[in-house]
Amino acid sequence: MLFFLVLRKIKSTEGVIKIEEMLFNLIAQKINGKDKIVILCIGTDKVIFDSYGPFVGYLLKNVYRLQDKENVVIMGDLKESIHALNLAKKLEEIDKDRSLIIAIDAAVTYSKGQHKEIIIGEGPIEPGNAAGKKLPRVGDVNIKGLIFNGYIFGEEEISIRIGDIADMAERTAEYINNAVQKYLEIESHILKTARFQKKTVSI
């Protein structure tokens, strides 16, 4: 088992490299013998502020084509969203004993200065919490795109722009792609080395 230094929480304002390292470290720590990475993008494109997760899923599938990698599954995008009405059913499709789940969702912040920040942490996310919905907690790793409360429920609601959501989604998709690709490359190298050593010993 590999050991990696894990930072517990990091914000997008602290630099791209640190965010990717954080995500890579969390994947390496939490994978714990599991053989599949499930990227669960929660939200719906029917509401601008809730389209962050589906937008990330769309980019991972259509720009980075991350789902083409063996043992990587992306659930939720702009065509087939995962939301309050179907989340529980979708979770039943995941083999949780064999899957590391990275859960992605929009989250509300009450600080205008935190608008568009991306937070990465370990443990489950609570979808629908800001709207008072009781939905299943999900995720070994969570990624939240922060949206200022006043842009959703307050007088400044008209200030929220699809461009803000797209910007967060583009950054998030890049972080995920780079971290997952790095992990898969290292894992592949380790497996190849182990096979070579086993073959050498048998000879």
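Select helix H2 to start: eight of its 11 residues are buried, so H2 is largely enclosed by the rest of the structure. Buried means under 20% relative accessible area, exposed means over 50%, and partly exposed lies in between (1.4 Å probe, protein chains only). The buried residues of H2 are Tyr52, Gly53, Pro54, Phe55, Val56, Gly57, Leu59 and Leu60.

**Before you go on**

This is a predicted model: local features need pLDDT of at least 70, side-chain atom pairs count only at pLDDT 80 or more, and totals for chains, interfaces and linings use all residues. Residues are numbered from 1 along each chain as its sequence is written, and side-chain values use heavy atoms, with hydrogens and water left out.

Color the chain by pLDDT, the predictor's confidence in each residue, from 0 to 100. The chain average is 85, and 81% of the residues score at least 70. Now select residues 1-10, where the pLDDT is below 50. In the model this stretch has 23 contacts beyond near neighbours in sequence. Contact means heavy atoms within 4.5 Å.

**The whole chain**

Switch to a cartoon view. How many helices and strands does the chain have? There are four helices and six strands. Helices (H or I, at least four residues) and strands (E, at least two) are DSSP runs, numbered from the N terminus. Follow the chain from the N terminus and the elements run β-α-β-α-β-α-β-β-β-α. Of the 203 residues, 45% count as buried. Take the contacts between residues at least 6 apart in sequence: 70% of them join residues at least 24 apart.

**The largest core**

Next, show the nonpolar side chains. A nonpolar core is a set of buried Ala, Val, Leu, Ile, Met, Phe, Trp, Tyr and Cys residues joined through side-chain atoms within 4.5 Å. In soluble globular proteins, nonpolar side chains tend to be buried together.

Which members of the largest core touch the most other members? Select Ile39, Tyr52 and Ile176, out of 43 residues in this core. Elements that each supply at least two of its residues include helix H1 (16-30), strand E2 (36-41), helix H2 (52-62) and helix H4 (162-202). H4 gives the largest share, 11 residues. Apart from this core lies another, of 12 residues, among them Val38, Ile82, Leu87 and Ile101.

Return to Tyr52. Leaving aside neighbours within four places in sequence, its contacts include Ile104, Ile118, Ile143, Ile165 and Met168.

Select Phe24, in helix H1. Buried or exposed? Phe24 counts as buried because its relative accessibility is 4%.

**Two ends of strand E4: Ser99 and Thr109**

Strand E4 spans residues 99-109. Select Ser99, which lies in E4. Ser99 counts as buried, at 2% relative accessibility. A polar atom of its side chain lies 2.8 Å from the backbone oxygen of Asp95. Not counting residues up to four places away in sequence, Ser99 touches Lys34, Lys36, Val38, Ile94 and Asp140.

Move along to Thr109, also found in E4. Thr109 counts as buried, at 4% relative accessibility. A polar atom of its side chain lies 3.2 Å from the backbone nitrogen of Ser111. Beyond neighbours within four places in sequence, Thr109 is in contact with Gln114, His115, Leu146, Ile147, Phe148 and Asn149.

Select Gly139, in the loop between E5 and E6. Gly139 is buried, with a relative accessible area of 17%. Gly139 and Pro124 are 15 residues apart in sequence and 4.2 Å apart in space, C-alpha to C-alpha.

Most residues other than glycine have a negative phi. Which way does Arg65 go? Its phi is positive, near 50 degrees. Find Arg65 in the loop between H2 and E3. Arg65 is partly exposed, with a relative accessible area of 44%.

Finish at Lys116, in the loop between E4 and E5. Lys116 has a positive phi of about 80 degrees, although it is not a glycine. At 25% relative accessibility, Lys116 counts as partly exposed.

Methods: A polar contact is a pair of N or O atoms within 3.5 Å; within protein, one must be able to donate a hydrogen and the other to accept it, and residues adjacent in sequence count only if both atoms are side-chain atoms.
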